[in-house]
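Please look over the model below.

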Amino acid sequence: RDSVWKVTALAFAENYKWDSGVDHSEGSGTGINGAPVGERSCSIAIEGFSQLTEKFVAYELEEFWFSYVGESEDLPFFLLEGVNTWSHTDSGAGTTVSMEADMKLEGLMGLIMGSQMEGFVRTRLQEALEELKHYIETGKPHPRKVAAIEKYQQKLAEEPSGN
């Protein structure tokens, strides 16, 4: 459990190393309850998004779980809040990591788009868990992340200099 915790919690600001949905990330601020940082800023690799800030709202080192809230100008107007909670439990010879996303939606659009958004988030979290597992077990990024890195590097190469 400690080795997984090091990647997910202690290196919270370095999720770009293994998560295909994140091109780059960096941490800042003072962490709560022993967290290494207060938040991370992520450049998002998912179409329709650009920047996302994830701030710790709970961090329980002794119990191996943490929660953070995501904030971005790119989030749909009907999403009032999105909190993601990660928990780490021993399971035989390994560690089980689970994520639970809690979204607070409002209005008619929240009602209409809620199930579609839930499906997108569920798929994205499952992919992130697969990529994390691969990274932990092999020390290398998942093939999906390798493809995302290549795409990001190409994007950077195509940008005009000075931007």
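What follows is a short report on Thr8 and the aromatic pairs.

The model is predicted: local features need pLDDT of at least 70, side-chain atom pairs count only at pLDDT 80 or more, and totals for chains, interfaces and linings use all residues. Residues are numbered from 1 along each chain as its sequence is written, and side-chain values use heavy atoms, with hydrogens and water left out.

**Thr8.** Thr8 lies in helix α1, residues 2–10 (helices are DSSP runs of H or I, at least four residues; strands are runs of E, at least two; both are numbered from the N terminus). Thr8 has a relative accessible area of 3%, so it is buried (under 20%; exposed is over 50%, partly exposed in between; 1.4 Å probe, protein chains only).

**Aromatic pairs.** The count comes to 13 aromatic pairs. Rings of Phe, Tyr and Trp (its six-membered ring) pair if their centres lie within 6.5 Å; planes under 30 degrees apart are stacked, over 60 edge-to-face, the rest tilted.

| Pair | Centre distance | Plane angle | Class |
|---|---|---|---|
| Trp5 and Phe64 | 5.3 Å | 80 degrees | edge-to-face |
| Trp18 and Trp86 | 6.2 Å | 75 degrees | edge-to-face |

Trp5 lies in helix α1 and Phe64 in the loop between β3 (51–60) and β4 (65–71), so their pair ties together parts 59 residues apart in sequence. Trp5 is buried at 3%, and Phe64 is buried at 11%. Trp18 sits in the loop between α1 and β1 (22–28), and Trp86 in strand β5 (residues 79–91), 68 residues apart. Both Trp18 and Trp86 are buried.
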